[in-house]
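Trainee: Could you pick one part of this model and take me through it closely? I'd also like to see how it sits in the chain as a whole.

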Amino acid sequence: MSRVPTALTAWRCHVLIQTINLGFLPIGGALVSQWLLRNQLLDFKSSAGLVVAMAVPTTSNMCVSLTSAAGGDQATAVLNAVGGNLLGVLVTPLLDRKS
């Protein structure tokens, strides 16, 4: 827990991670989903499921486990996992409306 205050100051890292997780990935998922649907490689329900799956935040245990295995900063991973899950409650319904 002693590294948490330091991890809190890495705001650029947090913004980048949340922008990728709650911005680029859902948009990319929606674009891929629409392409697959247009080319009849995916039905509508599967296409919608792909969009939802790309819009929800990742699980906390996977974020921390993979960061730890890669030798990354676990405190930053924990903060981003928690922050992403809290932001996801607000952002995911908005992203889902657009699909």
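Mentor: Happy to! Helices (H or I, at least four residues) and strands (E, at least two) are DSSP runs numbered from the N terminus, and a helix's expected span is 1.5 Å times one less than its number of residues. This is a predicted model, where local features need pLDDT of at least 70, side-chain atom pairs count only at pLDDT 80 or more, and totals for chains, interfaces and linings use all residues. Residues are numbered from 1 along each chain as its sequence is written, and side-chain values use heavy atoms, without hydrogens or water.

Let's look at helix H3, which covers residues 44-55. Its 12 residues reach 17 Å from first C-alpha to last, close to the expected 16 Å. Within H3, Ser47, Val51 and Ala55 are buried, meaning under 20% relative accessible area with a 1.4 Å probe and protein chains only. These three lie on the same side of H3, because they cover an arc of only 75 degrees around the axis, taken from the directions from the axis to the C-beta atoms.

Now for the surroundings. Of the 99 residues in the chain, 20% are buried. Among contacts (heavy atoms within 4.5 Å) with a separation of 6 or more, 60% join residues 24 or more positions apart.

Conventions:
Buried < 20%, exposed > 50% of the residue type's maximum accessible area, 1.4 Å probe, protein only.
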